[in-house]
Amino acid sequence: MATRGRRPAGKAAVAAVLAAAAIFGVAFAVDRALRDNGVERADARLAAALRASSDALNARVAHASAEAERLATSRRVQRALAAGDRNELAAVTRATPDPILLQTSGSLAIGRRVTDAVQRSATVGSVGEVTAFVPLDDALLARIERPSDARKGILLVLVRSGVVAAGPANLRGQRFSPPAVGRERTVGAERYRTLGTPILAAPQATELGALLPKTLVDSGGGRRRWALLAALATLATIVLLGLALRDVLRRRRGGGERRRVLGPRSAASDGRDALAFVGDALAATHDPEALLPVILGVAIEATGAVAGRLVEGTRELAVRGRLAEDVEPLVVRLAGPDEERTLALYPPPGGFTEESLELAHWLATQASIALENAHLHGLVKAQAVTDELTGLANRRRFMEVVELELKRAERFQSPLGLLLVDLDDFKLVNDRFGHGTGDEVLRALSDVFRESLRDVDLAARLGGEEFAVLLPETDYPGAAGVAERLRAGLASLELKAPEGERFGVTASFGVAVYPEAQSVDELLRAADAALYRAKAEGKNRVTLAPTPR
């Protein structure tokens with residue numbers, strides 16, 4: 001008898017351990033999701049740093065081009081080149097802070113030629129040529145790096161032919177291929193979160209890379225702790241529910257009025273039912289819709305009700321047993337996001353005991369807590385894959401989907417289109433009207449996406465003013481058509497600043513398609529290069545990545 005008495009207790013202990021393991025497993029999963037969200041924020045910081053440094057580099061290239069044009073139109077330079085005056089040409093080069101080369105139409109060349117540099121040339125009629133250089137070296141990195149990025153620990157490097165050519169001393173000479181989308185890579189002896197973009201104007205294949213040491217990647221600890229607290233609250237709810245059921249079952253085994261109402265049942269059967277209810281609750285705790293029938297079943301079993309139903313307003317959510325129309329049910333409210341949700345329990349012959357009434361209200365309170373925890377878990381899960389400002393998918397969600405869609409495209413031999421979208425002169429909008437108006441511009445573009453795309457398409461905000469659109473089963477003509485429709489839709493909008501001034505915005509689009517690009521990295525690089533060309537060619541346009549001949 002002592003052995004049989006210990007078995008239910010042993011099973012309950014095992015169930016409690018399994019319950020704790022399940023809850024902490026969920027907490028660990030949420031912790032991992034938020035850690036990924038921290039990685040996403042690190043990728044956004046890298047993207048912003050890379051974008052700002054690329055803009056600064058482009059500005060220096062534009063300055064070099066303007067300097068070459070200025071010197072080419074200078075009468076002093078024209079006369080010196082025509083006369084082949086070495087001294088005068090040397091004086092001009094000394095007076096110019098950046099490296100230049102002055103060449104006559106003959107063999108005379110005065111100045112400094114820089115091989116690893118972006119160069120911009122201007123002809124001087126028939127007498128010669130002026131070339132200005134932007135050296136791709138450590139000095140350039142120091143000029144284009146934002147101090148705020150350096151304070152955050154972000155490192156800039158120049159990569160030539162897969163080797164770091166300029167940057168921090170511990171990275172120079174190391175093998176490194178900057179990815180077009182955030183990736184964790186080992187460079188030298190350390191792990192970094194990395195991102196890169198090609199410098200298309202360079203004389204040879206050169207990339208600008210941004211790296212963040214893994215130790216500085218924010219893991220979102222505060223939000224993870226909140227999620228863990230929510231999980232622990234769920235665990236407490238389940239434990240209390242189990243204790244209450246155990247108490248009820250003990251009283252049933254003692255006989256009396258409860259035994260007469262419910263009819264003959266074995267203690268072993270009651271124990272199995274209780275454990276099954278707790279197990280079902282654990283399995284469905286984080287899905288409110290799946291949790292509702294479990295709550296109804298637990299309430300019926302614990303109170304001795306013959307039937308029950310859950311109602312939200314006029315909508316029936318769950319039903320169990322045969323509902324007697326001539327019997328007044330016990331109705332308890334389930335507090336939570338929707339105050340109209342109620343639990344109706346139909347009494348057995350003879351009605352509910354006082355104990356059953358108290359237990360029904362107590363169970364309603366615990367069920368409300370469980371539903372609220374499930375609701376919070378859903379919010380945390382949604383935040384991990386959604387951009388808060390625009391409501392679009394975030395970078396993490398986009399990378400998950402593009403990997404899956406590319407595998408599907410490979411399996412079924414179907415095309416997959418990708419658009420990279422960048423708002424034109426977005427910084428000017430922020431500087432002129434404020435960041436609040438800038439946020440409205442981002443939301444306006446998001447609305448254009450939602451109105452123009454199919455349900456199977458995915459629009460995502462990658463960070464800042466950069467967006468991506470994934471188009472399953474869409475080839476080059478189709479993707480280009482979608483991009484043009486989105487571009488025109490945005491350009492047609494008339495936005496309003498806080499002071500009432502009306503203004504418009506445009507965006508540039510880069511288009512790439514699988515199978516022309518064979519991997520995720522290739523797809524992103526091709527679309528990014530096309531976007532860069534769209535910007536360079538005047539903005540507010542759609543540019544396609546070149547297709548293999």
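Student: Which residue does R461 form a salt bridge with, and how far apart are the closest N and O atoms?

Tutor: R461 pairs with D387, and the closest N and O atoms are 3.3 Å apart. A salt bridge here is a side-chain nitrogen of Lys or Arg within 4 Å of a carboxyl oxygen of Asp or Glu. Before we go on: this is a predicted model, where local features need pLDDT of at least 70 and side-chain atom pairs count only at pLDDT 80 or more, while totals for chains, interfaces and linings use all residues. Residues are numbered from 1 along each chain as its sequence is written, and side-chain values use heavy atoms, with hydrogens and water left out.

Student: OK. Where in the chain do R461 and D387 sit?

Tutor: R461 is in strand β15, and D387 is in the loop between α10 (354-383) and α11 (395-412). They are 74 residues apart, so the pair links distant parts of the chain. The helix and strand names follow DSSP runs, numbered from the N terminus: helices are H or I with at least four residues, strands are E with at least two.

Student: Are R461 and D387 buried or exposed?

Tutor: R461 is buried, and D387 is buried too. Buried means under 20% relative accessible area, exposed means over 50%, and partly exposed is in between, using a 1.4 Å probe and protein chains only.

Student: How many residues of β15 are buried?

Tutor: Six of its six, so strand β15 (residues 458-463) is mostly covered. β15 runs antiparallel to β16, with five bridges joining them. Two strands count as paired if DSSP finds at least two bridges between them.

Student: What's in the turn between β15 and β16?

Tutor: The two strands form a hairpin with two residues between them, and G464 in the turn has a positive phi of about 60°.

Student: Back to salt bridges. How many does the structure hold?

Tutor: It holds 30. One of them joins R525 to E207, with the closest N and O atoms 2.7 Å apart. R525 lies in helix α15 (residues 520-536) and E207 in strand β9 (residues 206-213), so this pair ties together parts that are 318 residues apart in sequence. R525 counts as partly exposed at 26% relative accessibility, whereas E207 counts as buried at 15%.

Student: Which strands does α15 lie across?

Tutor: α15 lies across β7, β8 and β9, and runs at about 100° to β7. Contact there means heavy atoms within 4.5 Å. Axes are lines fitted to C-alpha atoms, for helices over the stretch in contact, and angles run from 0 to 180 degrees between N-to-C directions.

Student: In what order do the strands of that open sheet come?

Tutor: The order is β6-β5-β9-β8-β7, five strands with antiparallel pairing. β6 (163-166) and β7 (183-187) are the edge strands, each pairing on one side only. The twist averages 50° from one strand to the next. Five bridges join β7 to β8 (residues 190-198), and E184 stands opposite R193 in β8.

Student: New topic: how many aromatic pairs does a search of the whole structure find?

Tutor: Two. Rings of Phe, Tyr and Trp (its six-membered ring) pair if their centres lie within 6.5 Å; planes under 30 degrees apart count as stacked, over 60 as edge-to-face and the rest as tilted. F433 and F503 have ring centres 4.6 Å apart and planes at 20°, so that pair is stacked. F433 is in helix α12 (residues 426-433) and F503 in strand β18 (residues 502-503), so the pair ties together parts 70 residues apart in sequence. F433 and F503 are both buried.

Student: Why is the F449 and F467 pair called edge-to-face?

Tutor: Because the planes of F449 and F467 are at 65°, with the ring centres 5.8 Å apart. F449 lies in helix α13 (residues 435-452) and F467 in strand β16 (residues 466-472), so parts 18 residues apart in sequence are tied together. F449 counts as buried at 1% relative accessibility, and F467 is buried at 0%.
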